[in-house]
Amino acid sequence: MIKSVITIGSGIEPLYGTRDENLRLLEDSLHVTIDLRSDGIHVSGDPVAVGRVQQIFADFETLRKSGHTLHNGELHSLLKLVVADPAATLRSLVDSGKQRSAGVKRMVQPRSPNQRKYVEAIESSDMTFGLGPAGTGKTYLAVAMGVSALMAKKVSRIILVRPAVEAGERLGFLPGSLQEKVDPYLRPLYDALYDLLDQEKVDKLLERNVIEVAPLAFMRGRTLSDAFIIMDEAQNTTIEQMKMFVTRLGNNSKAVITGDLTQTDLPNPKKSGLLDALRVLDGVEGIHFCHFDDVDVVRHHLVQRIVRAYDNYGRAHQQELPMPLEAAPHESVLTAKPALATAAKPQ
């Protein structure tokens, strides 16, 4: 156990977080005690943990002096990554985010350890599967990585794909042209694009087909080269569609496939192409599977609690077995008569 005093200057307050939530995160995760005093910040605990706190404060000061402003939500997420991985530092995470964000409005930065593994898998693998509940950033990060690759000229186009099957609806029943029929299914992909790039730029890229948005059915027979390909809502693919899609990959291309097996809209969820791919492609070199859970939800805090509640409810009801129907002695269940049938008729 050691005690260290960190000298602080003006502008360090954002590191504390709202109501000192960032300091509490450091205390709880690194098992240190942090006291704010007039002469500085007193940190006591294990020497390694105290050293990590000192490094965090030094990194924040360096970033602040270089003009890099971290908003509280973003900073809190980065600190969670730093305390979860002893090899990670605040500066290294920010620097890697800057590299991914060239030409993009927002810094492409994972906000949980699983998101970080997902982003690193996309960078290193030819095909990445992202599986998990709503709000875990599967689609957004995939689109962000695709835009980053396009802006860095690592690929010449982005192809965004979705199976057009949602809650029993079919494209043929929707009014309008083919593009108008398809657009509602692809809206989450458009939303991510407009969040990352200026609307005018996105519209130009779409017009020139540098960014192509298409239903899965249009992929058959194509070879997709020099492209970053994203298939969203993959749980709604059939086994045949998934096999067709994963064999479209051409030279200098990456594919990211995202989905949530708990929200399958197919008539028979067990026939989901995503579920089948998990079994068939497990262990294939060049393919990486990333799994998310409720702690990775980055939407409103309530969404995380909702996802957890549904998971707990589903597990509880899977354990419940129906009570066996008891029959009278020497009488089968099929021949047993209900009580009302044997009751005497009123006189």
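**Stop 1**

Select Thr7, which lies in the loop between β1 and α1. Helices (H or I, at least four residues) and strands (E, at least two) are DSSP runs, numbered from the N terminus. The model is predicted: local features need pLDDT of at least 70, side-chain atom pairs count only at pLDDT 80 or more, and totals for chains, interfaces and linings use all residues. Residues are numbered from 1 along each chain as its sequence is written, and side-chain values use heavy atoms, with hydrogens and water left out.

Is Thr7 buried or exposed? Thr7 is exposed, with a relative accessible area of 69%. Here buried means under 20% relative accessible area, exposed over 50%, and partly exposed in between (1.4 Å probe, protein chains only).

Thr7 and Gln54 are 47 residues apart in sequence, and their C-alpha atoms are 10.0 Å apart in space.

Stay in this loop and select Asp20, which is also found between β1 (2–6) and α1 (21–30). Phi of Asp20 is near 60°, a positive value in a residue other than glycine. Asp20 counts as partly exposed, at 31% relative accessibility.

**Stop 2: The whole chain**

Zoom out. The chain has 12 helices and nine strands. Of its 347 residues, 44% are buried. The accessible surface comes to about 19,400 Å², and 53% of that belongs to carbon and sulfur atoms. Accessible areas come from the Shrake-Rupley method with a 1.4 Å probe; for residues, only the protein chains shown count as cover.

Next, think about contacts, meaning heavy atoms within 4.5 Å. Take the contacts in the chain with a separation of 6 or more: residues 24 or more positions apart account for 70% of them.

**Stop 3: Two packed helices**

Select helix α2 (residues 47–65) and helix α4 (residues 90–100). Two packed helices are described by the angle between their axes and the distance between the axes. Helices α2 and α4 pack at an angle of about 40°, with their axes 8 Å apart. The axes are lines fitted to C-alpha atoms, for helices over the stretch in contact, and angles run from 0 to 180 degrees between N-to-C directions. The helices α2 and α4 are therefore oblique to each other. Angles under 35 degrees count as roughly parallel, over 145 as roughly antiparallel, 65 to 115 as roughly perpendicular and the rest as oblique.

Which residues of α2 and α4 meet? Show side chains for Ile56, Asp59, Phe60, Thr62 and Leu63 in α2, which meet Leu90, Arg91 and Val94 in α4. By class, this contact of α2 with α4 has five nonpolar, one polar and two charged residues. Ala, Val, Leu, Ile, Met, Phe, Trp, Tyr, Cys and Pro count as nonpolar, Asp, Glu, Lys and Arg as charged, and the others, Gly among them, as polar.

**Stop 4: Salt bridges**

Side chains of opposite charge can pair when their charged atoms come close. A salt bridge is a side-chain nitrogen of Lys or Arg within 4 Å of a carboxyl oxygen of Asp or Glu. How many does a search of the whole structure find? It finds nine salt bridges.

Stay on α2 and select Glu61 and Lys65, which both lie in this helix, four residues apart, about one turn. They form a salt bridge, the closest N and O atoms being 3.8 Å apart. Glu61 is buried at 19% relative accessible area, while Lys65 is exposed at 63%.

Now jump to Arg162 and Asp232, whose side chains meet in a salt bridge (3.2 Å, N to O). Arg162 lies in strand β5 (residues 157–162) and Asp232 in the loop between β7 (227–231) and α9 (239–246), so the pair ties together parts that are 70 residues apart in sequence. Arg162 is buried at 7%, and Asp232 is buried at 3%.

Glu233 is partly exposed, with a relative accessible area of 21%.

**Stop 5: Gln235**

Finish with Gln235, found in the loop between β7 and α9. Gln235 counts as buried, at 1% relative accessibility. Leaving out residues up to four places away in sequence, Gln235 touches several residues, including Thr258, Asp260, Leu266 and Ser272.
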